[in-house]
Amino acid sequence: MNSHRRIAHLDMDAFFASVELRHYPMLRGQPVVVGGRRVDRPVEQADGSLRFARLRDYVGRGVITTSTYEARALGVFSGMGLMKAAQLAPDAILLPANFDAYRDYSRRFKAAVASVAPVIEDRGIDEIYIDLSGIAEDSLPLARRIKQAVLAATGLTCSIGITPNKLLAKIASDLDKPDGITILGHEDVPTRIWPLAARKINGIGPKAAERLRAMGVDTVGQLAAVAESELVRRFGASTGSWLWRAARGIDERPLVTERDPKSVSRESTFERDLDVGLDRAALSEAFTGLCARVADDLARKGLVARTIGIKLRFADFSTVTRDLTLAEPLADARAIRQAAGQCLKRIALGKRIRLLGVRAAGLQPPPATPVPVAVQAELQLF
Ligand code: TTP
Ligand code: MG
Ligand code: MG
């Protein structure tokens with residue numbers, strides 16, 4: 001085993017909400033949720049002060065994107081409907097999301113980390129893996145230095161896990177949130193990882209967790225007690241042996257450090273949950289419209305896509321994604337619609353649909369247009 005590796009996972013604390021507090025420092029210490037719409041933006045009063053929207057005034061079907069730890073203490077978390085959250089925390093402040101600001105802070109915190117430790121895998125807007133193996137400094141002072149760099153560049157706190165691999169680091173960064181540092185070795189797996197819910201393993205989703213629960217497996221430790229042959233029998237060779245290894249904290253995946261191929265995506269939440277049968281026409285129209293918008297985005301960027309994906313969120317908030325990687329890159333709306341349609345066929349459509357999204361990834365410049373044969377012949381003359 002590659003026991004000399006030292007991998008960190010860094011995740012920003014209550015990221016969107018914390019960025020909002022940089023803009024509205026007067027809200028510090030209060031329960032604040034991000035969600036809602038532009039109309040929920042703070043309004044300047046005659047005396048120059050800002051009047052903020054409160055959850056109790058919200059009417060609609062929006063959900064919470066994230067909440068401050070003060071709001072979480074009241075039971076209000078990501079994914080919860082805003083009106084449901086209003087019952088728990090009517091006085092919480094509501095702010096609409098400002099993605100441009102989040103992207104800006106995201107770039108800033110990543111650049112700050114890179115100035116200390118440059119081997120980074122970008123895992124999305126508020127988290128990264130960092131390979132610290134090549135750095136001599138001890139883990140604790142190094143983690144403090146990284147957090148300090150992030151704080152200096154953004155005014156924000158983050159939490160870091162440092163462990164021998166990505167699997168453990170991802171779990172560890174969450175163990176002492178917010179503003180935490182958790183350093184674990186393989187020897188800590190039985191005491192620190194085994195008591196955790198199996199779902200804490202990145203890759204064990206709600207479905208797998210449910211199947212495990214049916215086997216009497218709730219914790220990672222209980223998973224570690226199941227024979228590998230049994231896991232393989234139930235989950236198949238690849239997932240079964242992955243589960244067996246994951247429960248032991250074994251993970252050899254390297255960091256993927258090349259810049260993430262960017263993606264473009266468009267999604268829409270429906271006014272009401274749509275029924276696949278009754279609302280087929282509306283769904284189909286929305287689907288085609290999303291594909292057209294993705295095609296426009298690609299055209300504007302002058303890129304073509306190798307992968308087309310879709311996202312469906314059902315009325316019960318369960319979310320599924322499917323994607324399809326194509327032999328030939330594509331960019332036009334019809335081709336995207338066709339590929340997305342194939343993805344859709346791979347989803348069981350029992351429940352009403354709340355949100356539909358289409359995404360193009362594996363973006364690249366269009367292949368050079370083949371030079372017509374006649375022109376080729378001419379070129380050869382020179
Ligand atoms: P997370 O890192 O999952 O959450 P967080 O940073 O808000 O809080 P924590 O301290 O627990 O890490 O997600 C990062 C951001 O992504 C979050 O601020 C808002 C956004 N987000 C969504 O848009 N939808 C979601 O369902 C979740 C979980 C997050
Ligand atoms: Mg976070
Ligand atoms: Mg995160």
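The peptide bond that joins K177 and P178 is cis, with omega at about -10°.

Most residues other than glycine have a negative phi, and most peptide bonds are trans.

## Basis of the description

Residues are numbered from 1 along each chain as its sequence is written, while chains are lettered from A and ligands numbered from 1 in the order in which they are written. Since the model is predicted, local features need pLDDT of at least 70 and side-chain atom pairs count only at pLDDT 80 or more, whereas totals for chains, interfaces and linings use all residues.

## Surroundings of ligand 1

Ligand 1 is surrounded by 14 residues, of which the closest are F15, F16, T66, S78 and D126; a residue is near a molecule if its C-beta atom, placed from the backbone, lies within 6 Å of it. Both β1 (7-12) and α1 (15-23) supply at least two residues each to this shell.

By class, the shell around ligand 1 has six nonpolar, four polar and four charged residues, with Ala, Val, Leu, Ile, Met, Phe, Trp, Tyr, Cys and Pro counted as nonpolar, Asp, Glu, Lys and Arg as charged, and the others, Gly among them, as polar.

The axes of α1 and α4 come within 10 Å and cross at roughly 100°, axes being lines fitted to C-alpha atoms, for helices over the stretch in contact, and angles running from 0 to 180 degrees between N-to-C directions. That angle makes α1 roughly perpendicular to α4, since angles of 65 to 115 degrees count as roughly perpendicular, those under 35 as roughly parallel, those over 145 as roughly antiparallel and the rest as oblique. F15, F16 and V19 in α1 meet A101, Y102 and Y105 in α4, two residues being in contact if their C-beta atoms, placed from the backbone, lie within 7 Å. By class, this contact of α1 with α4 has six nonpolar, no polar and no charged residues.

Helix α4 (residues 99-116) also packs with helix α5 (residues 139-154), at an angle of about 140° and with the axes 8 Å apart, and α4 is therefore oblique to α5. The residues Y105, R108, F109, A111, A112, V113, S115 and V116 in α4 meet R145, I146, A149, V150, A152, A153 and T154 in α5. This contact has 11 nonpolar, two polar and two charged residues.

## Helices α12 and α13

Helix α12 (residues 280-301) and helix α13 (residues 333-345) have axes that come within 8 Å and cross at roughly 130°, so α12 and α13 are oblique to each other. On the α12 side the contact is made by F287, T288, C291, A292, V294 and A295, and on the α13 side by A333, I336, R337 and A340. By class, eight nonpolar, one polar and one charged residues take part in the contact of α12 with α13.

Key:
Helices (H or I, at least four residues) and strands (E, at least two) are DSSP runs, numbered from the N terminus.
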